[in-house]
Structures are given as structure tokens and as C-alpha cells.
Amino acid sequence: MNNPLSPISLQQDFPFLKSGVHFLDNASTSQRPQVVIDAITDYYTNYNANVHRGIYSWSEQASEAYEATREAVREFIGASSVEEIIFTSGTTHSLNLAARLLGQDLEKDDEIIVSTIEHHSNLVPWQLVAKDRQAKLVFLDTNEDEKIDPQTLRSLITKKTKILSITHTSNVTGYTLPVRELSDIAHEFNIIVVVDAAQGAPHQPINVQDLGADMLAFSGHKLCGPTGVGVLYGQRDLLNRLEPVYGGGSMIDKVTLERSTWAALPAKHEPGTPNIAGVIGLGTAIKYLQNIGLDAIHARVDELYNELWQGIQSAEGVTSFGPKDRAARTSIVSFTVAGVHAHDVASILDESQVAVRAGHHCAQPLLQKWGVPSTTRASLYFYNTSEDITALLNGIKKAQQLLT
Ligand SMILES: Cc1ncc(COP(=O)(O)O)c(C=O)c1O
């Protein structure tokens, strides 16, 4: 393992970074270190068998590696049991699963609170479930400072409020919500709390008990793991009580033509052949991050974010969005450049090998509120360097020179 404090040596762990790319699209997906790529190749090359089924050694090896990741995830998020860890294909799948599971308890006119700054993945599944169950969505808006005030949540709660589903960290602004304060208020009223940790989990230690999360979702690919794998954490009693949403192999105990009974947790909510290679890669990614240290990762990104934040704030003709309170945010900045379309900014940056995202970032309601159709977004991870930020700022100047 490389020296965690050396970004240059860290960069060497990531084959794709050797291309010279200034990769500033980490909120979209992170890079994979060689150890993760190797773990996936090793599975397909040396013990490629299905999990939990064969009574032969390769299948046992695959099952062991698969279940070792479940334990690694349990520890990574401070869950009390591996029964609470459900593997999914990613945050989107996890949040849809959470909505379908919790939807079972909803009655007509029950209320689900979501914030107005959610990724579509933590909005659309609730819209679907609300429609099915004739429930209502209630929106927790930001204040003038563009932050969420827990007291606003209190004012929205009624006897009908059953679920609060909120993001840990905004994928558009990098603003981290006061999740613990929000969940404390929700729990006073027996409201179930779902946390979208897609942007939180890659950047800081996440603990479901400390956050007060009854359910929590994250993706492997945003924290150095493979695509197509993610996690839904669910509090054990909740997962035990709720009926499965998907049926099929592996999740049953007994099946007759008429009806079935369910396997014990976590299999009950994990039907079919899972993404075995993905799960094994996720376990390796978690170990990789833990070797560096989540606190060190957070500190490193925050240090770089100071440079990015300063650079964007002082760039002429550039407007950033979201809370002005620097301390409330990290890793991500979304901005517009006067007179230049966000996609043109991204294209000109691409010519300088700077990869950023432009668009609505799957948060159309938030951009509608700001009255902009799209922004350019730069997002950091621990392997980024000051050179990446300089390349971004120079690229923005180039876009201004060429197009204004
Ligand atoms: C806050 C947030 N939630 C949910 C998602 C969806 O994650 P995935 O596409 O991995 O399912 C993202 C992805 O960008 C995100 O940033």
C-alpha cells in the first residue's frame, strides 16, 4: 500500500489516471485502483462459480469471498449484523427497493418527506410508491442560505408522516445535510429515516447508528469499487417484518405451486444470482479505502476543495451554486460561466483533458429552483492534485476567451 499522504504515489494505484486525464467527475463515478481490477479478474480467472449453491470448492471459495464483503460492509457502515446488508446493483436500485419495501406500510394520505435537493434516485422511487399507495410527497425545502434547517422538518411533520428520505450529501453542491439532527426529530414521531449516502460514503466514515438511519443506500462505483454493485442497509427488525419485493431463487425457504416462505435475512431480499465479481470488487475497494483511512481521505479532499472553492469564487464571470458556507460543503462545486453554455465549458475542458460533468446532474427540481437549465460540475476525490484544479481553472479561462 502506498503512503496515504502522497497523492502522486496514490495516483499510481489507478491505471486510468496514467492517461494524464484530470479526472474531476468523481461524483459521477470514481476511478478503480489496480487491486480492485485484479480482484475481479482473479474471481473470473481462478474461482468462477456461483455462490451459495455448489458443494464444490470453487463455489465455496466464491461464497466465502462474497460473504466476506458483506462483513466488510457491515463494519464499514457500523451495522450491527450482516443480516442488515443487502447487495443491490447500486444506490438507485437500493432506494427503489427501500421505497417498495417501506411502501407496504403506507396507507391512503400517508406522507413521505423528501428534500428539494435530492438526486432523482431519491425522488422518483417515492413518487412511484406514493402514486401506488395513494400517499403524498411533502417537500423539505432549503432556507435562504440554501441549507436544510431541521426545524423546518419539524414544521412539516403531521400524524400522517411515515417516512423521511434524505440525501447525506448533495451531488450538485457537495453540501452535507445535518442528518443526525433530522433523524432525531423524525424518530420523535416514529418516522422511518432513509439516507441516500451515494456521495457521503466515499468521503467520510459513515455509521448508520450515529446517523440514525433505518435504511441507507450507497454505490460501489463511487468509492473505487466496480459499477453494478451497491448496498441497501436496513435495520434488522424492519427487514424481517417486511415482505420481499422481488421473488426468485435463493430468497425462499419452501416453495409450493401456490405459495412460498422466505429464507432468513439477508437472502430474503436478495433473489437470483448476484453480481458476484462486483461484490468481491467492492470488498477490495472498501479494504483499499480503509488502508488509506476515511478520515485521511476526507482531510485530503477538503484541503483540495479549499483550492477549488477559492479558484471558482475568484474567477471572473463564474457563478457557483449552493450554500455560501464553505464549511458546510466538500468535494463538489457546480458553476456557470457567463455567456458560455455549460456543455461548451465541459467540451473545451475536455480538449485540455479535464473531465467534468455538465447538465442537470439528475437534480432537475434544484436547477429549476435556481432558474438554470444546466451547470458545469467539478468533483474531487483523494487522488486528485492541485494540477487538476489548475487545469480546470485554465480551461474555464480558455472557454471564456474562445466563446465570449
Ligand atoms: C446523491 C446521489 N444519489 C443517488 C445516486 C444514484 O447512484 P447510482 O447511479 O450509482 O445508482 C447518485 C449518483 O450520482 C447520487 O449522487
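**Strands, domains and a ligand shell**

Biologist: Let's start with a pair of strands. Which residue in β15 stands opposite glycine 359?

Modeller: Keep in mind that this is a predicted model, where local features need pLDDT of at least 70, side-chain atom pairs count only at pLDDT 80 or more, and totals for chains, interfaces and linings use all residues. Residue numbers start from 1 along each chain, as its sequence is written. Strand β14 is joined to β15 (residues 375–379) by three bridges, and the two run antiparallel. In β15, the residue opposite glycine 359 is threonine 375.

Biologist: Which strands stand at the edges of the sheet that holds β14?

Modeller: This open sheet has four strands in the order β11-β12-β15-β14, with antiparallel pairing. Two strands count as paired if DSSP finds at least two bridges between them. Each edge strand has a single partner, so one of its sides has no neighbour in the sheet. The edge strands are β11 (318–320) and β14 (357–359).

Biologist: How many strands form the open sheet with mixed pairing?

Modeller: Strands here are DSSP runs of E with at least two residues, helices are runs of H or I with at least four, and both are numbered from the N terminus. The order across this sheet is β2-β8-β7-β6-β5-β3-β4. Reading along that order, the number of strands is seven.

Biologist: Why is one side of β2 and of β4 left without a neighbour in that sheet?

Modeller: Look at the two ends of the order, where you find β2 (85–88) and β4 (136–140). They stand at the edges, so one side of each lacks a neighbour, and the reason is that each has a single partner strand.

Biologist: Let's go inside the sheet. Are β5 and β6 paired in the parallel or the antiparallel sense?

Modeller: Strand β5 covers residues 161–167, and strand β6 covers residues 192–196. Leucine 164 stands opposite valine 193 in β6. Five bridges link the two strands, and their sense is parallel.

Biologist: How far apart do the C-alpha centres of domain 1 and domain 2 lie?

Modeller: Domain bounds come from an automatic or database assignment. Here, domain 1 takes two stretches, 7–31 and 293–403, while domain 2 is 37–290. The C-alpha centres of the two domains are separated by 28 Å.

Biologist: Which element gives the largest share of the side of domain 1 that touches domain 2?

Modeller: The contact takes 26 residues from domain 1 and 27 residues from domain 2; residues are in contact if their C-beta atoms, placed from the backbone, lie within 7 Å. On the domain 1 side, α11 (294–314), β12 (332–337) and α13 (364–370) each supply at least two residues. With five residues, the largest share comes from α11.

Biologist: Finally, which residues come nearest to the ligand?

Modeller: There are 14 residues around the ligand. A residue counts as near if its C-beta atom, placed from the backbone, lies within 6 Å. Those that come nearest are Gly90, Thr92, Asn171, Ala198 and Ser219.

Technical notes. Two residues are in contact if their C-beta atoms, placed from the backbone, lie within 7 Å.
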